[in-house]
Amino acid sequence: MCKGLAGVAALPATCLKSAKDMKYRLGFLLQKTELCDQVSCSKKDKAALSQKISQDEVKKWSQGLENLITHERGLSAFKAFLQSEYSEENIEFWTACEDYKKIKSATKLVSKARKIYDDFISVHATKEVNLDSYTREETSQNLLEPTTSCFDTAQRKIFILMEKDSYRRFLKSKFYLDMVLPTESRCSTDQKKTKAYSLDHSQLIPQYS
């Protein structure tokens with residue numbers, strides 16, 4: 001285990017490296033916002049990322065995309081990950097649809113529906129999401145008489161797309177794996193590997209009588 005300064009020279013390089021970069025990789029778990037310093041996080045996301053969170057909660061994020069993005073801090077973490085890949089348009093569209101469904105005013109529904117369409121669905125959209133032509137046309141027709149459900153089909157298609165693609169990348173990324181694997185466990189594993197490596201190579205040293 002990586003404790004104190006005693007025996008630092010004997011620790012494997014991978015363990016020392018893990019200790020050095022842990023402050024960055026576990027930033028939002030330790031009330032830091034280094035990740036948001038590198039991407040354009042909103043004030044809300046920065047606030048969420050700065051809060052402490054238990055490992056049990058983090059592990060639940062791997063049980064389904066819905067568990068991840070319906071959790072405030074999980075959503076902020078996923079957004080930050082996607083922003084680091086410059087591929088945040090899908091999650092931004094999904095959250096825009098969630099906010100849209102909460103609107104009560106019929107007047108606001110019309111203006112918000114048009115904005116979502118122009119930002120994410122129009123062929124000229126600056127953050128165009130990947131939708132098939134049928135869904136795009138259906139959504140366009142829904143805008144003639146906007147309701148809180150007019151983006152449901154498109155939102156569901158994007159959810160499935162994220163579930164099959166970016167969500168899986170997130171779970172396999174070091175960003176997530178370092179959150180669910182304690183520093184001590186990782187360092188202990190590295191030490192065992194280094195010890196085994198040393199034992200294997202000791203057999204190659206000629207023995208003289």
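## Close-up views of a predicted model

View 1. C97 counts as buried, at 1% relative accessibility. The model shown here and in the views below is predicted. A disulfide is a covalent bond between the sulfur atoms of two cysteines. The search of the whole structure finds zero disulfides. C97 accordingly takes part in none, and its nearest cysteine sulfur belongs to C150, 8.1 Å away. The cut-off for a disulfide is 2.5 Å between the sulfur atoms. C150 is also buried, at 3% relative accessibility.

View 2. In soluble globular proteins, nonpolar side chains tend to be buried together.

View 3. Side chains of opposite charge can pair when their charged atoms come close. The whole structure contains nine salt bridges. One of them joins E57 to R73, with the closest N and O atoms 3.8 Å apart. What does this pair tie together? E57 sits in helix α4 (residues 55–60) and R73 in helix α6 (residues 72–84), so the bridge connects parts that are 16 residues apart in sequence. R73 is buried, at 15%.

View 4. K127 and E92 meet through their side chains, at 2.7 Å from N to O. This pair links distant parts of the chain, 35 residues apart. K127 lies in the loop between α8 (106–121) and α9 (133–142). E92 lies in helix α7 (residues 89–100). K127 is partly exposed, with a relative accessible area of 38%.

**View 5. The K101 and E98 pair.** K101 forms a salt bridge with E98. The closest N and O atoms are 3.0 Å apart. How accessible are the two residues? K101 counts as partly exposed, at 34% relative accessibility. E98 also counts as partly exposed, at 26%.

View 6. E85, D165 and R169 are linked in a network of salt bridges. R169 is also touched by S87. Where is S87 found? S87 is in the loop between α6 and α7. Besides R169, S87 touches L82, not counting residues up to four places away in sequence. S87 is buried, with a relative accessible area of 18%. The limit for a buried residue is 20%.

**View 7. Packing of α9 against α10.** Two packed helices are described by the angle between their axes and the distance between the axes. For α9 and α10, the angle is about 145° and the axes are 9 Å apart. Which residues meet here? T135, E138 and T139 come from α9. T153, A154 and K157 come from α10. The contact consists of one nonpolar, three polar and two charged residues.

**View 8. L144 in the loop between α9 and α10.** This loop contains L144. Is L144 buried or exposed? L144 is exposed, with a relative accessible area of 65%. The C-alpha atoms of L144 and V110 are separated by 8.9 Å. Along the chain, L144 and V110 are 34 residues apart.

**View 9. G64 in the loop between α4 and α5.** G64 is found in this loop. At 19% relative accessibility, G64 counts as buried. G64 and E163 lie 99 residues apart along the chain. Their C-alpha atoms are separated by 8.0 Å.

Conventions
Residues are numbered from 1 along each chain as its sequence is written. This is a predicted model: local features need pLDDT of at least 70, side-chain atom pairs count only at pLDDT 80 or more; totals for chains, interfaces and linings use all residues. Side-chain values use heavy atoms; hydrogens and water are left out. A salt bridge is a side-chain nitrogen of Lys or Arg within 4 Å of a carboxyl oxygen of Asp or Glu. Helices (H or I, at least four residues) and strands (E, at least two) are DSSP runs, numbered from the N terminus. Buried means under 20% relative accessible area, exposed over 50%, partly exposed in between (1.4 Å probe, protein chains only). Contact means heavy atoms within 4.5 Å. Axes are lines fitted to C-alpha atoms, for helices over the stretch in contact, and angles run from 0 to 180 degrees between N-to-C directions. Ala, Val, Leu, Ile, Met, Phe, Trp, Tyr, Cys and Pro count as nonpolar, Asp, Glu, Lys and Arg as charged, and the others, Gly among them, as polar.
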